[in-house]
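Subject: Handover of a structure and the findings on it

Dear colleague,

Please find below the structure that I am passing on to you. The sequence and the model come first, and my findings follow.

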Amino acid sequence: MHELSMAQGIINAVLETAESNNATDVNEVTIEIGRLAMINPEQLEFILGVLVENTIIQDAKIVIEDIPAEIECYDCKFHGNAVIDEKDHYAPLVKCPECDSLSVEILNGKDIVVKNIVIEKPDDN
Ligand SMILES: [Zn+2]
């Protein structure tokens, strides 16, 4: 399952950051999910909830942010957020909102990024 390996990668990244900062606890993790990342956010959230058990991320609040698909149209040079036709969930069509062209360059919205981690350190209080 795609979401499982994604979730595992996110957890590893968070744990690595937490460890290198000598964190005793992780309070909050913000994850950006691109509209074109082919990820089901609910499913990802569920798997994350399972994977964080018995780690220092266990009680963290997981915040998921939806990142729109940003494109540049080859036909009309429109630059901005694309229209996404998700009739086929695994191969959504990315369209220019101005001229309906499918010949667009995708600039943003394909990635999953751990944007922010709030940690607690031993000397915080
Ligand atoms: Zn266009």
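Two residues are taken to be in contact if their C-beta atoms, placed from the backbone, lie within 7 Å. Please also bear in mind throughout that this is a predicted model.

Within α2, which spans residues 41-51, the residues L44, I47 and L48 are buried. Why do they share one side of α2? They lie on the same side because the arc they cover around the axis is only 105 degrees. The other side of α2 carries E42, G49 and V50, which are exposed. Among the elements that cover the buried residues of α2 are α1 and β2.

The sheet that includes β2

Strand β2 belongs to an open sheet of 3 strands, in the order β2-β1-β8 and with mixed pairing. Its edge strands, β2 (61-67) and β8 (112-120), each pair on one side only. On average, neighbouring strands of this sheet are turned by 15 degrees against each other, direction ignored. Helix α1 (residues 2-20) packs on the sheet, where it touches β1 and β8, and its direction makes about 40 degrees with that of β8.

Strands β1 (residues 25-34) and β2 run parallel and are joined by 7 bridges. T30 and K61 are 31 residues apart in sequence, and their C-alpha atoms are 8.3 Å apart in space.

The nonpolar core

The largest nonpolar core has 28 residues, of which V14, V26, V29 and I71 touch the most other members. The elements that give two or more residues to this core are α1, β1, α2, β3 and β8. Which element gives the most to this core? It is α1, with 5 residues. In soluble globular proteins, nonpolar side chains tend to be buried together.

Strand β3 has two faces: I71 and C73 are on the covered one, while E70 and E72 are on the uncovered one.

β3 pairs with β4 in the antiparallel sense over 3 bridges, and with β7 in the antiparallel sense over 4 bridges. E72 stands opposite H79 in β4 and opposite E105 in β7. The hairpin of β3 and β4 has 5 residues between the strands, and K77 there takes a positive phi near 65 degrees.

Positions annotated in UniProt

An unreviewed UniProt entry places the feature "binding site" at C73, C76, C96 and C99. These positions are spread over 27 residues of sequence, yet they cluster in space, with a largest C-alpha distance of 8.6 Å.

Where is C76 found? It is in the loop between β3 (70-73) and β4 (79-81). C76 is partly exposed, because 14 other C-beta atoms lie within 10 Å. Not counting residues up to four places away in sequence, C76 touches C96, E98, C99 and S101.

C99 lies in the loop between β6 (93-95) and β7 (104-108). With 13 other C-beta atoms within 10 Å, C99 is partly exposed. Not counting residues up to four places away in sequence, C99 touches C73, D75 and C76.

The unreviewed UniProt entry also places the feature "binding site" at H2. H2 lies in helix α1 and is partly exposed, with 13 other C-beta atoms within 10 Å. Leaving aside neighbours within four places in sequence, H2 is in contact with M38 and I39.

Yours sincerely

Terms used. Residues are numbered from 1 along each chain as its sequence is written. This is a predicted model: local features need pLDDT of at least 70, side-chain atom pairs count only at pLDDT 80 or more; totals for chains, interfaces and linings use all residues. UniProt positions are given in the numbering used here, feature names are shortened, and annotations may be inferred rather than shown by experiment. A residue is buried if 20 or more other C-beta atoms lie within 10 Å of its own, exposed if 12 or fewer, and partly exposed in between; C-beta atoms are placed from the backbone. Two strands pair if DSSP finds at least two bridges between them. Axes are lines fitted to C-alpha atoms, for helices over the stretch in contact, and angles run from 0 to 180 degrees between N-to-C directions. The arc is that of the directions from the helix axis to the C-beta atoms. A nonpolar core is a set of buried Ala, Val, Leu, Ile, Met, Phe, Trp, Tyr and Cys residues joined through C-beta atoms within 7 Å.
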